[in-house]
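Please read this briefing alongside the sequence and the 3D view.

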Amino acid sequence: RSTLFPYTTLFRSPYRHTTAKTMASPGSGGDSSCGSGFSLTPQLRHATLDDKPELIDLIARSARELSAGDYTPAQIEGALRGAFGVDSQLILDRTYFVAEADGKLVACGGWSKRRTLFGSDARSGRDEAELDPAVDAAKIRAFFVDPAYARRGLGSAILERCESEARACGFRRYEMMATLPGARLYARYYMEIGRASCRERV
């Protein structure tokens, strides 16, 4: 059996600098300026292959909880078989990042200089050919946040890091495949250029 998983393609050009928000600690009520909690700056670093087991758990937890309002359980489980998951090539290229807080991984995301727009190691039809920064858009890839740390600026912090590093490599345009909830989040940075669906096994 299979299911259709709808997604949105977003694009950004030219580069606009954004400032990541400070991540508020769980239970602080979000904005630390309200005085009800304390702020916690996420520690960003390159992901390593040793992070894969924890990343797999983080991605599954994020997808199942944060996408529940937009997708059916069957669509989410199907996406976790291919569209969602760890892409080891991003880790090997040192273009994938994790955010750490409270001694654990709480978010991840990256960018790619390769043509594959989305998908884990398990997804077929991948294209590892390198992009040409002069004409191609860097791919913004695989953003997931721990539900307990959602809406605290983690995605913005990782996005800023990704765009900065891609820009240093000569890219001036950025493209991403976004889930339906992700498209709402990144609408303030990116414009929608299309909608499509991929077929995933369930």
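Accessible areas come from the Shrake-Rupley method with a 1.4 Å probe, and for residues only the protein chains shown count as cover. On that basis the chain exposes about 9600 Å², of which carbon and sulfur atoms supply 49%. This is a predicted model, in which local features need pLDDT of at least 70 and side-chain atom pairs count only at pLDDT 80 or more, while totals for chains, interfaces and linings use all residues. Residues are numbered from 1 along each chain as its sequence is written, and side-chain values use heavy atoms, with hydrogens and water left out.

**Overall make-up**

- The chain has five helices and seven strands; these are DSSP runs numbered from the N terminus, with helices being H or I of at least four residues and strands E of at least two.
- Read from the N terminus, the order of elements is β-β-α-α-α-β-β-β-α-β-α-β.
- Of the 202 residues in the chain, 50% are buried (buried is under 20% relative accessible area, exposed over 50%, partly exposed in between, with a 1.4 Å probe and protein chains only).
- Among contacts (heavy atoms within 4.5 Å) with a separation of 6 or more, 77% join residues 24 or more positions apart.

**Nonpolar cores**

- A nonpolar core is a set of buried Ala, Val, Leu, Ile, Met, Phe, Trp, Tyr and Cys residues joined through side-chain atoms within 4.5 Å.
- The largest such core has 26 residues, and those with the most contacts inside it are Trp 111, Ile 140, Leu 159, Met 176 and Tyr 190.
- Two or more residues of this core come from each of β3, β4, β5, α4, β6 (174–178) and α5 (180–186).
- Helix α4 gives the largest share of this core, five residues.
- Apart from this core lies another, of 21 residues, including Ala 63, Ala 79, Phe 118 and Met 177.
- Beyond four places in sequence, Ile 140 has contacts that include Trp 111, Leu 159, Met 176 and Tyr 190.

**Loop between β5 and α4**

- Pro 147 lies in this loop and is buried, at 18% relative accessibility.
- The C-alpha atoms of Pro 147 and Ser 62 are 5.8 Å apart, although 85 residues separate them along the chain.
- Not counting residues up to four places away in sequence, Pro 147 touches Arg 61, Ser 62, Glu 65 and Leu 66.
- Arg 151, in the loop between β5 (138–145) and α4 (154–168), is exposed at 77% relative accessibility.

**Positive phi**

- Most residues other than glycine have a negative phi.
- Arg 151 is not a glycine, yet its phi is positive, at about 60°.
- Asp 102, also not a glycine, has a positive phi of about 55°.
- Asp 102 sits in the loop between β3 (96–101) and β4 (104–112) and is exposed, with a relative accessible area of 55%.
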